[in-house]
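Student: Could you walk me through this model with me asking as we go? I would like to understand how the chains meet and which side chains pair up.

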There are 2 protein chains.
Amino acid sequence: MKRNTSDVCEVYYVNEKHVAKARKALSPEREILAVAETFRNLGDPTRVKILQALTVEELCVCDLAKLLGVSESATSHQLRVLRSQKLVRFRREGKMAYYSLDDEHIDSLMREVLRHVREGVA
Amino acid sequence: MKRNTSDVCEVYYVNEKHVAKARKALSPEREILAVAETFRNLGDPTRVKILQALTVEELCVCDLAKLLGVSESATSHQLRVLRSQKLVRFRREGKMAYYSLDDEHIDSLMREVLRHVREGVA
DNA sequence: ATCAAGCATGAACATATGTTCAGGTGTATT
DNA sequence: AATACACCTGAACATATGTTCATGCTTGAT
């Protein structure tokens with residue numbers, strides 16, 4: 001049957017002090033959005049592979065496409081996503097575009113999440 | 001007009017040594033998928049807020065819904081996603097369910113990505 | 001200038017994602 | 001036992017996402 005419109009538990013059960021305390025820990029909305037978007041961009045197997053590969057050395061779109069086993073077009077689209085969040089940068093050399101990781105945080109994130117994932121298996 | 005079927009650049013331009021070297025850096029496929037899925041689960045503003053809030057202290061669904069300004073149902077669905085990747089865990093106490101971060105990696109990930117995001121602004 | 005190679009992009013499509021809605025579970029209180 | 005509350009879940013819906021296809025763009029060679 002239909003419930004209360006708000007469907008949120010009554011006020012006397014919400015611990016206002018806890019809520020207030022937790023609210024202070026929240027980053028401003030624009031930071032939250034940026035964080036979420038960054039994680040979202042990291043949340044695709046193809047892009048994870050790209051970043052892992054670039055951990056070793058810079059690579060051109062051509063090499064990446066070959067490595068990933070997908071088309072250059074798909075690779076280029078993914079690189080665009082990664083560029084949009086400044087996860088990778090690139091330099092042009094003649095007709096080629098060489099991509100590399102943008103900063104050292106990316107490497108740290110990948111290592112940390114790998115630890116989490118490996119613990120989960122154990 | 002229509003191009004080559006494969007649309008992948010010719011072999012003589014792919015640097016096979018670089019590709020081989022980069023390939024070695026890649027985690028096994030199942031780890032790649034787990035990493036991507038973990039990041040994907042972190043890639044939503046509501047879930048980011050939940051995790052930031054739980055950094056401070058454990059909270060019940062009720063408190064979280066109030067904090068986020070969304071319905072309990074939506075909150076519960078999001079918590080389910082976070083549980084599926086072992087990002088949060090919970091304990092029952094009577095009718096309430098108290099959620100907290102599952103391990104310390106989550107905290108590290110949030111801090112690291114915040115550094116990345118803040119650099120981007122500068 | 002013309003052509004080809006490497007890369008980038010726009011549109012379209014199938015699939016995935018997050019929310020709402022309606023209802024279902026389990027526990028405490030009466 | 002009956003009710004109320006806190007939380008959970010399945011289905012449906014609108015929107016977002018990633019790939020493919022076709023085509024532009026830019027550079028280097030002829």
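Tutor: What follows is a conversation about the interface, the ring pairs and the salt bridges.

Student: Before we start, what should I keep in mind about the model and the numbering?

Tutor: This is a predicted model, in which local features need pLDDT of at least 70 and side-chain atom pairs count only at pLDDT 80 or more, whereas totals for chains, interfaces and linings use all residues. Residues are numbered from 1 along each chain as its sequence is written, chains are lettered from A and ligands numbered from 1 in the order in which they are written, and side-chain values use heavy atoms, with hydrogens and water left out.

Student: OK, how many residues of chain B are in contact with chain A?

Tutor: On the chain B side there are 61 residues in contact with 62 residues of chain A, where contact means heavy atoms within 4.5 Å.

Student: And what area is buried between the two?

Tutor: About 6000 Å² is buried between chain B and chain A, and carbon and sulfur atoms give 67% of that; buried area here is the accessible area (1.4 Å probe) that two parts lose on being put together, summed over both. Of the area that chain B buries against chain A, 12% is supplied by Phe39(B), His105(B) and His116(B), more than any other three residues.

Student: How many polar contacts go across, and which helices of chain B are involved in touching chain A?

Tutor: Between chain B and chain A there are 17 residue pairs in polar contact, both residues being at pLDDT 80 or more. A polar contact is a pair of N or O atoms within 3.5 Å; within protein, one must be able to donate a hydrogen and the other to accept it, and residues adjacent in sequence count only if both atoms are side-chain atoms. As for the elements, α1 (16-25), α2 (29-42), α3 (45-56), α4 (61-68) and α6 (104-121) of chain B each supply at least two residues of the side that touches chain A, and α6(B) gives the most, with 14 residues. Helices (H or I, at least four residues) and strands (E, at least two) are DSSP runs, numbered from the N terminus.

Student: Switching to rings, how many aromatic pairs are there?

Tutor: Over all chains, a search of the whole structure finds 3 aromatic pairs. The rings of Phe39(A) and Phe39(B) have centres 6.0 Å apart and planes at 25°, so this pair is stacked. Rings of Phe, Tyr and Trp (its six-membered ring) pair if their centres lie within 6.5 Å, and planes under 30 degrees apart count as stacked, over 60 as edge-to-face and the rest as tilted.

Student: Where do those two Phe39 residues sit, and are they buried or exposed?

Tutor: Phe39(A) lies in helix α2 of chain A and Phe39(B) in helix α2 of chain B, so the pair joins two chains. Phe39(A) is buried at a relative accessible area of 0%, and Phe39(B) is buried, also with 0%; buried means under 20% relative accessible area, exposed over 50%, and partly exposed in between (1.4 Å probe, protein chains only).

Student: What about Phe90(A) and Tyr99(A)?

Tutor: Their ring centres are 5.2 Å apart and the planes are at 20°, so Phe90(A) and Tyr99(A) are stacked. Phe90(A) is partly exposed at 37%, whereas Tyr99(A) is buried at 4%.

Student: Which partner does Arg118(B) have?

Tutor: Arg118(B) forms a salt bridge with Glu31(A), with the closest N and O atoms 3.0 Å apart. Arg118(B) lies in helix α6 of chain B and Glu31(A) in helix α2 of chain A, so the pair joins two chains. Arg118(B) counts as partly exposed at 47%, while Glu31(A) is buried at 10%. Arg118(A) and Glu31(B) also meet in a salt bridge (3.0 Å, N to O).

Student: And what does Glu58(A) pair with?

Tutor: Glu58(A) forms a salt bridge with Arg91(A), the closest N and O atoms being 2.4 Å apart. Glu58(A) lies in the loop between α3 and β1 of chain A and Arg91(A) in strand β2, so the pair ties together parts that are 33 residues apart in sequence. Salt bridges that share partners join Glu58(A), Arg91(A) and Glu93(A) into one network.

Terms used
Salt bridge = Lys/Arg side-chain N within 4 Å of Asp/Glu carboxyl O.
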